Amino acid sequence: MNSPASQPAGLGLSEQHCTLGDWDSTACVRIDRRDYLLPAELEHELENRHWFVPAFMPYLAHPKIVQADRSMTLRLEANQLVYFLDYTTLLEHKIVNRAVETLIHNELGIPIPGHMKNAALQLYTDEGYHALFSNQVAEQVAQLYDIQNRSALPLRVTRLQGLIEKTPAEHQALTWFLVGFVSETVVAKELLGAARNTVVSTVFRMLKSHLEDEARHSRYFSDVFAYVWMQLEQEQRSRAARSLVAIIGIFFETDSQWLSESFGAVDLDETTIVGIVAALVHPDAHRKRVRRGASATLLAMSRGGFFDDDENLLLMREAGYIND
Ligand SMILES: [Fe+2]
Ligand SMILES: [Fe+2]
């Protein structure tokens, strides 16, 4: 490990970096006084609003779905929203906050300044509130549509937990940190696309609140990534680079099992389901999603010095995550 005393000046990271800014007057857990109950005029809103942004559900453009009654599209959107919110609730607790613990409790063996630790403690608190309001909205929508298949763990969560399990114990803390970094930079971008004023008003308010926090989290994790990366030894960096390829890939996989169940709930025929799922799991479609969705993550890695090593550049090119 390089000397911690050498890094803040070398990184150009001042106290303004690696914080969540004026958390007391901006974080939604500190300032939010509204409830997240579905609107009384829900039926009216659903005449022209969505449960979830259709841009995130390209399969809605399938002719079988376009030609069907609008109720099929609305139900698929509701399924997708509940899945996204249940996933968010789990992710915040079991993935993001586990990753943040590595900073707070010095599991990386890299001393961090007090303001960085304080921001990690604030971020941990934010995620608990995000899980609370995500679950509140998920419960209401699930009840409305009698959505049953909510107990299975989303693919992303099981894949990330599986990755940690097969990582040797002495490298697990750093892998958790990298999972947190990728998650927090990917999630902010996802929410930026999802928080549109064309969705049901309560869902929009909630996603917008979440996005405002996550924009700060993304900046924080990008700064901390640079701070941590600077202090890793070459061997740790090589291992971390391979882990990053795997982690980024996981964030853009398709949960075929859940998606098939969602289509099953609207009685879509088996041939259509198999066709849609096959197109989504195709490696080219996956790479396309990575390139589009991981841009903030890759930019933060670039700023942190990740691509200064040609080996790392090659690794990301081979994975198809960046252009040649
Ligand atoms: Fe969050
Ligand atoms: Fe976050």
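## Helix 8 against helix 9

In this predicted model, helix 8 spans residues 155-165 and helix 9 spans residues 172-194. Their axes come within 9 Å. They cross at roughly 155 degrees. Angles over 145 degrees count as roughly antiparallel, and helix 8 and helix 9 are therefore roughly antiparallel to each other. The crossing of the two helices is right-handed.

Which residues of helix 8 and helix 9 make the contact? Helix 8 supplies L160, L163 and I164. Helix 9 supplies Q172, T175, W176 and V179. Sorted by class, this contact has five nonpolar residues and two polar ones. Charged residues are absent from it.

## The fold as a whole

How many helices and strands does the protein have? There are 16 helices and zero strands.

Contacts between residues at least 6 apart in sequence tell how the chain folds back on itself. Of these contacts, 82% join residues at least 24 apart.

## Size and burial

The protein has 324 residues. Its radius of gyration is 20 Å. A compact globule with 324 residues would have a value near 20 Å, so the two agree. Along the principal axes, the C-alpha atoms fill a box of roughly 65 × 45 × 30 Å.

What share of the 324 residues counts as buried? The figure is 37%.

Key:
Residues numbered from 1 in each chain as written. Chains lettered and ligands numbered in written order. Predicted model: local features only at pLDDT ≥ 70, side-chain atom pairs only at ≥ 80, totals over all residues. Axes fitted to C-alpha atoms, helices over the stretch in contact; angles between N-to-C directions. Helix = DSSP H or I, 4+ residues; strand = E, 2+ residues; numbered from the N terminus. Parallel < 35°, antiparallel > 145°, perpendicular 65-115°, else oblique. Left-handed = near helix turned anticlockwise from the far one by under 90°. Contact = placed C-beta atoms within 7 Å. Nonpolar A, V, L, I, M, F, W, Y, C, P; charged D, E, K, R; others polar. Rg over C-alpha atoms; globule rule 2.2 N^0.38 Å. Buried ≥ 20, exposed ≤ 12 C-beta atoms within 10 Å, placed from the backbone.
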